[in-house]
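The sequence and structure are shown first.

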Amino acid sequence: MGWIDDQTAAIKRLYNGIAGSVKAAEASRESQLKSLVSMKALTDKTTLLNRGISTQVGFNEDLIDTYVELATKSLVFEARNKELNKTFGITSMGAAALSQTIQKLAITQGFSGEQAIGYANSIKKMLPSLQQQGKESDKTYKSMQRIQHVLTTNLSLTEDATEAYTLYASKNGKNADATMASAAALAGVLKDTDGTMGYMKQAISGIAAAASETQLQFGKLPGNLELAVIKANALGFALDDLADTGKHLLNIESSIGQELEYQLLSGHRLVGNDQASEKLRGKSLTNAYREATLRGNMSDAASTLNTILEQEGTVLEDNLFAREKMAELMGIEEGQLSRALQKKKLLSSDDGLSVLMKLDGTALDKAASAMLDSGEMSLDVFNQLSTLNDTRTTDDIMKQQLTIAAESLVTLQSMLEDGQGDEVKLLREALTDKTGIKAFQDIMLNPKNDDAYIATGRNDTVGELIAKATEYSRNLVDMPSTDATSNLDAKKMVGGSDTVVPAGYGSRILTFPEDTLQPDIAFNDKDHIVASTREPTSNGAGMFSGQATDAGFMAVGRMIVAAINGSNLFSGTSMNPPTYS
């Protein structure tokens, strides 16, 4: 018996715990629904007025957004020129005028207007004071646009690299075509007949990567720096590396001391031997490097460095101390020197390297000059250069050509070249003048007085409260009864008229909109009340669910409507006090 008593007590404690949780859940549910009824501040006149104003403002803002969205589709030229607005800091009309200049130049040069606008923006960032308006026939401006096209579009260089090369290309005169021609001529001079070496991109990328002081000092001789890039790359160096070596050797006192130490370690003097070029044979190689640096001839400097590596290669490979001293003498890292020696050995069987190192800028300058007419590159030559150095895939080229074709359609081309300025001006006037704005203003939501605002606010508030009541009714889970003796049998329930039942023995009321009162019906606080014109169903635990429950909670929503609309259930009249408060 003791064991049974213990189990019975445990079951009772479990039941009491469940009963407590059920009561808490019921209280929570009841509290949520009561909270909707008790939100009296939401029915205040001032609250409803402001809610109505908020609705009007929101509606009109939606109208404005829709109108602007539709109008924007007509602003085709402003959309096309928006980057000009931003980069140049000019009005839409100013951007349209500038765009007309750019479009004319683009058509003559064979690239699209959209591309030319991008090039113009890059030129503006690089040279803020350069006048671009009306310069479609200006040689300097054309050559800048051409450089932008070849470098950014065909060779896929970055905007920074393009800017650096453009500044370098423009330094020798007003026309940069000659400088670009030098890079283009490399393929012919270096016998790259099938165009598989990409010499032009190598040269331009190398020059663009060099410091401005390197470009300035070593870019004086036409074609010299382009050739120096190819030579330096073959040895594993950049232009700035060669420039730094020249500066280091110009410190005469220290470099002579380092050279003497190298001679002691290697047993060799740094003088051109019988295999050296004629201009270096029997001469001090370090002094030849100094002279090339002072003359600004980096091509000769690269050739001199190549001769040093050829003559001293075996010693430098085998003698650690000699290699360290040579790196110190040349002002480079030992790792750079070692890498250069490895490249030399790897390319020792390539006759092209020997030919390359003996070239100077003269041959390149002649080849570049043949591409020019009075210092300017003809359109045919430019197109050939552009085609031969176009690294894009066919689909990208197709897109450009089709865009150009579309822009060349007679009506559109005429508007892009001459008419877009007027179109932008006329469209702005039509969309922003007082007549157009007034016509749109007349269709905006505009309540005539406070009562209209209040009515709008009441409708919105009621709708939201009913929706919230419905949400509570669907989301809250029905809980079982805590009183086993109060279970109801749905089959014994009898439907009745919709009614308003005053509080009986307890504090709750049941309300429906019809005016049939049955005061003899009363409920206490333990009763579970469901009222609906639909047949309820029992869940077997003393509560009801399904459509009956939903309908009951919808009744709460209608009670809220009654409260807001001033029913005497909650607010008194001149003759009667409120039924409930």
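## Aromatic pairs

Phe111 and Tyr119 are both buried (under 20% relative accessible area with a 1.4 Å probe, protein chains only; exposed is over 50%, partly exposed in between). Their ring centres lie 5.4 Å apart with the planes at 75°, so the pair is edge-to-face. The model is predicted: local features need pLDDT of at least 70, side-chain atom pairs count only at pLDDT 80 or more, and totals for chains, interfaces and linings use all residues. Residues are numbered from 1 along each chain as its sequence is written, and side-chain values use heavy atoms, leaving out hydrogens and water.

Rings of Phe, Tyr and Trp (its six-membered ring) pair if their centres lie within 6.5 Å; planes under 30 degrees apart are stacked, over 60 edge-to-face, the rest tilted. The count by this rule is three aromatic pairs. One of them, Tyr67 with Phe440, is stacked, at 4.5 Å centre to centre and 25° between the planes. Tyr67 belongs to helix α2 (residues 45-72) and Phe440 to helix α25 (residues 434-441), 373 residues apart. Helices are DSSP runs (H or I, at least four residues), numbered from the N terminus. Tyr67 is partly exposed at 30% relative accessible area, whereas Phe440 is buried at 13%.

## Charge over a ring

Arg146 sits over the face of Phe382, 4.8 Å from the ring centre (CZ of Arg or NZ of Lys within 6 Å of the centre and within 35 degrees of the ring normal).

## Helix packing

Helices α17 (residues 298-318) and α19 (residues 334-346) pack at about 100°, with axes 10 Å apart. They are therefore roughly perpendicular (65 to 115 degrees; under 35 is roughly parallel, over 145 roughly antiparallel, the rest oblique).

Definitions and conventions:
Axes are lines fitted to C-alpha atoms, for helices over the stretch in contact, and angles run from 0 to 180 degrees between N-to-C directions. Helices (H or I, at least four residues) and strands (E, at least two) are DSSP runs, numbered from the N terminus.
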